[in-house]
4 protein chains.
Amino acid sequence: MLNTLIVGASGYAGVELATYINRHPQMTLTALAVSAQSPDAGKLLSDLHPQLKGVIDLRLEPLNDAATWASKVDVVFLATAHEVSHDLAPVFLASGCVVFDLSGAFRVSKPGFYDAFYGFSHQYPHWLSQAAYGLAEWNHQQIAEAQLIAVPGCYPTAAQLALRPLLEAGLINDGQWPVINAVSGVSGAGRKASITTSFCEVSLQPYGIFNHRHQPEIISHLGSSVIFTPHLGNFSRGILETITCRLKPTVRHEDVAAAFHNAYQDKPLVRIYDKGVPSIKSVAGLPYCDIGFVVQEEHLIVISAIDNLLKGAASQAVQCLNIRFGFPETESLVYM
Amino acid sequence: MLNTLIVGASGYAGVELATYINRHPQMTLTALAVSAQSPDAGKLLSDLHPQLKGVIDLRLEPLNDAATWASKVDVVFLATAHEVSHDLAPVFLASGCVVFDLSGAFRVSKPGFYDAFYGFSHQYPHWLSQAAYGLAEWNHQQIAEAQLIAVPGCYPTAAQLALRPLLEAGLINDGQWPVINAVSGVSGAGRKASITTSFCEVSLQPYGIFNHRHQPEIISHLGSSVIFTPHLGNFSRGILETITCRLKPTVRHEDVAAAFHNAYQDKPLVRIYDKGVPSIKSVAGLPYCDIGFVVQEEHLIVISAIDNLLKGAASQAVQCLNIRFGFPETESLVYM
Amino acid sequence: MLNTLIVGASGYAGVELATYINRHPQMTLTALAVSAQSPDAGKLLSDLHPQLKGVIDLRLEPLNDAATWASKVDVVFLATAHEVSHDLAPVFLASGCVVFDLSGAFRVSKPGFYDAFYGFSHQYPHWLSQAAYGLAEWNHQQIAEAQLIAVPGCYPTAAQLALRPLLEAGLINDGQWPVINAVSGVSGAGRKASITTSFCEVSLQPYGIFNHRHQPEIISHLGSSVIFTPHLGNFSRGILETITCRLKPTVRHEDVAAAFHNAYQDKPLVRIYDKGVPSIKSVAGLPYCDIGFVVQEEHLIVISAIDNLLKGAASQAVQCLNIRFGFPETESLVYM
Amino acid sequence: MLNTLIVGASGYAGVELATYINRHPQMTLTALAVSAQSPDAGKLLSDLHPQLKGVIDLRLEPLNDAATWASKVDVVFLATAHEVSHDLAPVFLASGCVVFDLSGAFRVSKPGFYDAFYGFSHQYPHWLSQAAYGLAEWNHQQIAEAQLIAVPGCYPTAAQLALRPLLEAGLINDGQWPVINAVSGVSGAGRKASITTSFCEVSLQPYGIFNHRHQPEIISHLGSSVIFTPHLGNFSRGILETITCRLKPTVRHEDVAAAFHNAYQDKPLVRIYDKGVPSIKSVAGLPYCDIGFVVQEEHLIVISAIDNLLKGAASQAVQCLNIRFGFPETESLVYM
C-alpha cells in the first residue's frame, strides 16, 4: 500500500483524485491538504462536497510544512496553481516521493516557455528535463520510469489524442493549420468565487483568443501549429473539441479510420466512434476520451470529447499512477 | 421630464431600472451611480451588461457626494444594500427628491424590527413612519402621496399578492398557518463573486429555513403568521411560490376565484389563471404576477409566480413611480 | 450466478439497472428487452446511451415471447409501464422467476386502489397480496421472503424515508397534515418524445396538484394523510422534498434527531445531516437518501433528497435484490 | 393599417412574429393560423405560450382555405415547413399579398438547388426568380421592391453578416476556406415532441457535419466556399458562430475593423465590438447581430452572435417588412 497525499484537495479535480485514491486497492489516502491560508483548511472534505458524506470525511489539513509531509508519504498529487506546484514539487521530489502535478508547471521542457507564457522564470530546469509528460496513451515508457509526471492540460489532452494519430500517419496537409474549436464546462475555471463563473453570467462565449496557454502546450508536444479557440459553455463538466483539418489529397475515410484504430486498439480509455459523433453527455463523469470523425473530400472534422476534470485532469493522473507502479491501467477508474 | 438617478445601477435590478427609465417618456435617465469603492465605477453600463450596447452606454459614476447629486435630480432609485439605503435615503429626501428604495431599509415601520432582523438600529424613525410600502396593487393611495416608497421584497411580493385577497375575504382557516414554499432564481442573490452562486455549485436547495428576513416582512404586512421556506433554484430569473392553505369549512372553489378576481379585476399587472397554473417561464422577463390555484375540500394550493428582478424589484419600483406621478400604471413596463 | 433479464432497458431507469447488474459479482446480465413495437428494438443499448459504449454493448431484444424468456432467467426487472408490468409479472412469476417491478402495478394491496387511481381493474389479487413493498430500510423481512417485490415510487421513497421515523416515534401532531412540496428532475417523466419535456418548454412548474398517484401511495403505506404537491424542475436527475410538519407540543430538536438516528443508524444508504441540509447535488448519481431538518417551536421542516432514477428506482431495486438473495446490501451500488 | 396573417403561429418563431406585429403601429394582427391537422388548432396562442396571457389571446385558426384568407389580408408571414411554404406562398402571392417566408423554400434561385439539398423539385421557378433574399443589411433595394421576401436561415444570417464585409473588402485569402463553427440553442429545432430535443438528451454536440442545408445557402449567397459545422447547445435561444479565416498577407487589424465599420455604420441592428467579443447572452431576446473579432498575423477569428428566433427569423422578417413598406427599420423591434 502506497501512502498518498493530495494537495489542493478542496477543488473540483482534487475531489475526483480523492475519490479515485480512496477506492484504489493499492493506495492509502493518507491525507488531504490545502494551502495554509485557504478558508477551507480544517473543514471536512464532505462539508464542502456533500456528495462525499459518509464516503470521505477526511479533514483538509493546512499545508504548513511540506517537507514533513514529504517524509510521510510515497505519492503526492498536486492539484494546485502553477506557481505553487513549481515551488512544492521539488520539496516532495527531494524526499523521494513520486509526484503527479496537475498544473502547467512542468509540462514543457523548452527554455523560455515559462517566461513567455506563464509570467515566471522556471527555477528547476533539472526537474523540468526529468518530468514525463503524462499523455497516458502516448508516453507509457517515460511515465513508467519518471519520478515527476506532468499531467497534461484538459484542452491539450483532447486535442492531442485527436491529432497525434493523424500526424503520425502523415495524413494532414501541412499547408493549413488545424482549427481547434473547444468548449469547456465551467468547472475548468476551478472552484472559486468569481463574477465570470457566477451562474447568471455564464453564457457560451469564446475567451483567450490567440493567447490561451494551452495553444503553445499543444504545439510544443505535437510539433505542429494549430489555431486553438477555447470557449466557456453553460454546463459544469466536459470538453468538446471540433477540429477541422485539411487532408493530403489522396487520403480517404479508411485511412483516417485506420490511423485512429491503430493508435488506440489496445487503449482502454480511448473510444473511437465508427458511426455518430460524441457529445459532452457521452463522457461526463467518465474517464474516456471519445473520438468521432467525418471526411469529405480533402476536409476532415474530428470531434474529441473528454470530462475536463477526469481524462483532462484527475483520471489521467491516476492512469499515469497505474502505469508508473505497474497496476492495471484502469484500476479504480472504471467500475464495470 | 423628471431627472432621475439610479444608485447601484450595475446590479441586476439596477440594469432593469435603467432600461425602464431610459425608455420612459416622462423621465430622463440623468445618471447611473455605484459606490465609490466599486470596481465597476468608471465603466460603461454596457461593458458590464453587453445586451445594452448601443442602448444605454452611460458611465457608472462613483457616488462620492450624494448631496450634490441630490440637488440635480428629482427622482432617485436606490438599488443598494440595506445599510447603504438606510444612510443614503435621508440625504436625497432632505433635498426634496422622491426616493424609491429597493432595499429592506424602510419596509417595516415597527420599532425593533431592524434590531431583530437586520442587525442594526434604525436611525430614521421619522422616515420609517412616512414611507409607503410599495405593494402597488394594494397601497395605491399611500404610494401616490409619499416622498419615500419602500419597494417590497421579491418573495413578499409574490406571497402577499397571493394571500391578501384570501385574507381580506376571510377564507383562510386561522388554526393553520399557510405554508409558503418558494424557489428563486440565482439573480436574487445579486451580481457578485461568491462560491454559493458559482455555476458549478448551484443546485436546488433550501436556505434560511425559519430565519429569512422576508418571513417577518410578510407577516408584518399581512397581519397573519406563515411558514416561509425559500430555496435557490438552478435558473437565473423568477420566483415560484407554492402556497398551501387550510380553508374555512364552507369555502368553495368559486369563493376563492371570486376573491382573486375581485381583488385584481382592474389591475393590469396581476394575471389570474382560470385554468392551469403559472410557471417560471410564464413570467420571466415580464412585469406580471401570475396566480393560479386549486381547491380540494378544505385544502387550497395557490401558485404565485413573478420575475424576481421585475415585479419583485425593478418593475414594481417603476409601477410605484407611475402611481406616484400620475402616469399610466404600466408606462414603459409593457410593450404591446 | 443468477441470470437476469431487464425489460424496458432502453429507458433511463433501465440503463441504470443494466449498469448495476452488469457489474454485480453474483449476477449475469443475460439480456435486455424492450416491447416488440419499440423503435429501439434491435439497437445496441450503447447506441442510445453512448456513455455505455465499450461497457454494455448488448442488443435490445424485442420481447415477443415472455414465457420463453421466463424459462431462461432467474431474476427479472420490469422497468415498464404500469399496465405492461401488470400483464408481464405473472408470466415470469409462474416460471419461478423473482420479479422486481419498478412500476406502480403491485405497490398497494388494497382492493379498489387501481380502479380509483390507475384506471384499470387489477386482475391478479393473489400476486398483489403476495408482493413485498420494496422500501428497503423498512421492509427488510418481507423483501427477503418475497417472489415479487414492488419497488416504491420515487416521490414516495423520499417522503416515507423522511416521515416514517417521525410517525413511528409519535412526534407528529395529528391535527395537521404534513405538507410535502417536491421537485423532480425531468428524467422522472421517462425517455420519450413529448412537448412537455422538450428542452425549451421545461420550467419550474407544479403539476398533478391533488391528483398525483403518488399521494395515495404515500398515504396507504404511511397510514397517515399528507398534502403532496409535485413540481417539474429544470434539471435532469434528482428529487428534493421539503416537508413541513406540525410537532406535538413537547417535542424538541433532540427528539427529532433521535428518531432519525435510531431509524437509520445501521442503514448504509440513508444519510442524516446533523448540520446543513441536502440539495439535489448531494445525491445526483448516488444511491443515497439524504435527510436534513430544522425545528422551530412546534414547526419542523424536513428536507429529503434522492436521485429519482436510483434510490427512487434502480438502486432501490438492486438494494432489494441484495436483501432478497442475502448479498451485502450495497453490493454494486457504491464504489468506495 | 395593413391586415396581417401569420401561418405557423404556434411555433417559437411564430410567437415572436405575433408579438412584433401585435405592437406594430402600422399593422393589424388579423389572424393566426396553423395547419388544419395541427393539434394546436382551435387553442388560444396564450394557452400554448402563457407569457402572452392578456397580451395576445387570439385563437389559432385551422388553415383550411388559404385562398379565402388571401383575400382578407395584405401581408402574410409563413413560419412553416419548407414544403408547406413552397405550396402556400403562390396562393397568397396570386391574391396580391406581400409574403415573408421564413422557410428555405425560396432562398436560392439556382436551378437544381432544391433537388440537391431539399429533396423536392421546385414548382415555382417564376417566384423563385422574383423572390428577394431578405438579408436586411445587404439587400435593401431588392427587399423594398419585392412581393416575396425569403427570410434567410438563422446560421446563414450570422455567417453572412460576419463574412460579407471581409469579402467585399477583399481581405480573405482565397487559398483557405473560412471555418464556421456554430452552436445553436434548442429552439432552432422548432416546437415539437422529439427525443433529440428532450431535456435529458440535449448536450453540446455537432450534427449535420458536411451536409447541413445552410452550408450551400451560405455559399450560394456569399459566392465563396466555407466549411460549416453546426452544433446543438444546451440553451434555448441564440447562435454563436466562431469563424476562423486566413487573411491576405498585408491585412492588419485596422483593415478588418474598417471593413466592419464601413459596412454597418448606419445599420442599427448590427453592433460591432471594438473590444471584447459577444456571447449568447449579449443577444438573446434582442434583434441584433453582434460581431467581434481578433487578428493575429494572418489569422482572423470573427465571433458573430444572434438570437436564432429573432435576427435569425422573426425580427429579420419584420425588419424586411419595415423596409418593404417604408417604415422605420427598427419599428416594433427595439423598445428604448
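User: In this predicted model, which residues is A:C154 in contact with, once its neighbours within four places in sequence are left aside?

Analyst: A:C154 is in contact with A:H214, A:I239, A:I306, A:N308 and A:G312, and contact here requires heavy atoms within 4.5 Å. A:C154 itself is found in helix α8 (residues 154-168) of chain A, and UniProt, in an unreviewed entry, lists A:C154 under "active site".

User: What makes α12(A) mostly covered, and which residue follows the helix?

Analyst: Of the 12 residues of α12(A), 10 are buried, including A:A314, A:V318, A:C320, A:L321 and A:I323. The helix is followed by A:G326, whose phi is positive, near 75 degrees.

User: Why is strand β2 of chain B described as largely enclosed by the rest of the structure?

Analyst: Six of the eight residues of strand β2 (residues 27-34) of chain B are buried, so the strand is largely enclosed. From β1(B) the chain crosses through helix α1 (residues 12-22) of chain B to β2(B), and this β-α-β crossover is right-handed. Strand β1 (residues 2-7) of chain B pairs with β2(B) in the parallel sense over six bridges, and B:L32 in β2(B) is the bridge partner of B:I6. β2(B) also pairs in the parallel sense with strand β3 (residues 60-62) of chain B, over three bridges, where B:P62 is the bridge partner of B:V34.

User: Which residues have the most contacts inside the largest nonpolar core?

Analyst: They are B:F77 and D:F77, in a core of 84 residues. Not counting residues up to four places away in sequence, D:F77 touches a set of residues, among them D:L5, D:I6, D:L17, D:I21, D:F100, D:L102, D:V318 and D:L321. A second, separate core has 83 residues, including A:V98, C:L48, C:L60 and C:V75.

Note on methods. Residues numbered from 1 in each chain as written. Chains lettered and ligands numbered in written order. Predicted model: local features only at pLDDT ≥ 70, side-chain atom pairs only at ≥ 80, totals over all residues. Heavy atoms only, no water. Buried < 20%, exposed > 50% of the residue type's maximum accessible area, 1.4 Å probe, protein only. Helix = DSSP H or I, 4+ residues; strand = E, 2+ residues; numbered from the N terminus. Pairing = 2+ DSSP bridges. Right-handed = clockwise from strand over helix to strand, strands pointing away. Core = buried A, V, L, I, M, F, W, Y, C linked by side-chain atoms within 4.5 Å. UniProt positions renumbered as here; feature names shortened; annotations may be inferred.
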